[in-house]
Amino acid sequence: MKAKIPIVVCSMQRLIIIIPLILLSIAGLASAEHVIHVDCDATGTNDGTSWANAYCFLQDALADANSIAKPVEIRVAQGIYRPDRNSAEPNGTGDSEVSFKLINGVTIKGGYAGYGQAEPDVRDTVLYETILSGDLNGDDYAVQLNTSDNSQVVLNSEYNDNTACINGFTITGGYGDRGPGITCQYGNPVFADCTISDNRAVSGSITVGGGVLTLESSAEFVNCTFLSNGATKGGGIYNSASSPLLRGCLFVGNGASEGGAMFNVHSSPQLFSCKFVNNRASFSSRPISGNGGTTVVIFKGEGGAIYNRHSEISLTNCVFAGNRAAWEGGAIYSYYGTGPILTNCTLTGNSASHAEALVYSQGARLLNCVVWNGSQAIEPRDSGLVVVHSNTQGGWPGDGNIDADPCFAAPGYWDPNGTPEDANDDFWADGDYHLKSQAGRWDANSQTWVQDDVTSPCIDAGDPMTAIGQEPFPNGGIINM
């Protein structure tokens, strides 16, 4: 089931809107000139003109959309769709090099009830899950893991602009060496409300972007979930010479040797209201052949959530909880380049042998942040870290900084799993990082206002010069950490 991101952090003293869910920037929201229907259970003429006559295969709908005037909207009903199948090859070709491809001027929307339902146009991406699967033979988990015959790339975008949009799909089962879930090159398409899960970049010596690879792109990801993807570098997403925009995205359980959730090289991603939970960067060694011999490359395990190299990354209203690196940077490892720049972010419960939360490079800045992650949470790689109006465990020099229990509503914790002597099998039990308030705060679980017995010292403790537009009245006149 697709995880949901809470969109409001609030108390009776303040209301902070974190994720505006009005996706005005997404192309394809205007009325389409043509609507094409796809349903793998349709039994009519299969020409896409209605749910009864829907195409059974998404590839047929894409071919149709590519040949007619734009804009086009493709509506896809619940079910599993594989890239090697169409009306000419209903049982599939087994060709692992075939992918679904985005098209400029075409919005692809999943999650419809579809043919045979009382209201086929009802759309619910959880109840009516629509899956793009690279598991061409449907046998990945039949007896044992069998992925060698899967799609090398499930969904491909090349030279697309922001009129190419996909919304409401689960993209899974890719198996290759570069972006087997989604490969996005030389464009700025939009991915919204998608779950990118269980893709593996494992077929080469050094693999990149288990869930997503962006290359010279500025793609936009809105309310997407990156779940249990894996690679050598960038288990969830690998950005190369790219400037992606991520809003309201969730990274959970992704793994790599460098950058469990994200790896950035020569890139400048911007992240707003994203959450990173239980991602891991593990120790590994890989034999690399070349120049007449073989060299073994050691990856120590750096950047449990994010690894930056020659990159500038900006993070606003983001949470890092329970991420783990075997060596350095339990949450973020930044080497060369600038940053990271963190504003109103929370880092807690992250784990590493060195720098449990953050390894930074020159120009890093923390503003209005909470780093409650042990006294060895931050370690420099360069000079110039600026920390202001932030709560850091163990203290940090800078204007307005404090060292005090932030009073989270329900802190996450590492569960020893019955073996306290062995940290390797511990698992992260995530928490609620809203700030406690005696005046009252909104509880997402009970969907009610609750009053706490304490008030967090982080309330009204941010930079007085920070705009409070995201905290409507009454707000105390000062932003929270």
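I started with the open sheet of eleven strands, paired in parallel and ordered S5-S8-S11-S15-S19-S22-S26-S32-S36-S39-S42. Its edge strands are S5 (79–81) and S42 (391–392), each pairing on one side only. This is a predicted model, where local features need pLDDT of at least 70, side-chain atom pairs count only at pLDDT 80 or more, and totals for chains, interfaces and linings use all residues. Residues are numbered from 1 along each chain as its sequence is written, and side-chain values use heavy atoms, with hydrogens and water left out.

For terms, strands (E, at least two residues) and helices (H or I, at least four) are DSSP runs numbered from the N terminus. Two strands pair if DSSP finds at least two bridges between them.

S5 joins S8 (residues 130–133) in the parallel sense through three bridges. Ile80 has Ile131 of S8 as its bridge partner.

Contact here is heavy atoms within 4.5 Å.

I followed S7 on both sides. S4 and S7 are parallel over five bridges, and Ala77 is partnered by Tyr112 in S7. S7 is joined to S10 (residues 165–167) by three bridges, again parallel. There, Ile108 stands opposite Ile166 of S10. Seven of the seven residues of S7 are buried, so S7 is largely enclosed by the rest of the structure. Buried means under 20% relative accessible area, exposed over 50%, and partly exposed in between (1.4 Å probe, protein chains only).

**Cores**

Which residues have the most contacts inside the largest nonpolar core? They are Leu58 and Ile74, in a core of 67 residues. A nonpolar core is a set of buried Ala, Val, Leu, Ile, Met, Phe, Trp, Tyr and Cys residues joined through side-chain atoms within 4.5 Å. Elements giving two or more residues to this core include S3, H1, S4 and S7. Leu58 touches, among others, Val38, Ile74, Phe100 and Ile108, leaving aside residues up to four places away in sequence. I also found a second, separate core of 13 residues, including Val370, Leu435, Cys458 and Met481.

Leu435 took me to S46 (residues 432–435). Asp432 and His434 point one way from the strand, Tyr433 and Leu435 the other, and all are buried. S46 pairs with S43 (residues 408–410) in the antiparallel sense over two bridges. Asp432 is the bridge partner of Ala410.

I ended at the second largest pocket, which holds about 530 Å³ of space. Of its 31 lining residues, the closest to the centre are Ile131, Thr170, Thr172, Ser197 and Asp198. S8 gives the most to this lining, with three residues. A pocket is an open set of points on a 1 Å grid over the protein atoms alone, where a 1.4 Å probe fits, with protein on both sides within 12 Å along at least five of seven lines; lining residues have an atom within 4 Å of a point. Grid points are joined across faces, edges and corners, and the volume is the space filled by probe spheres set on them.
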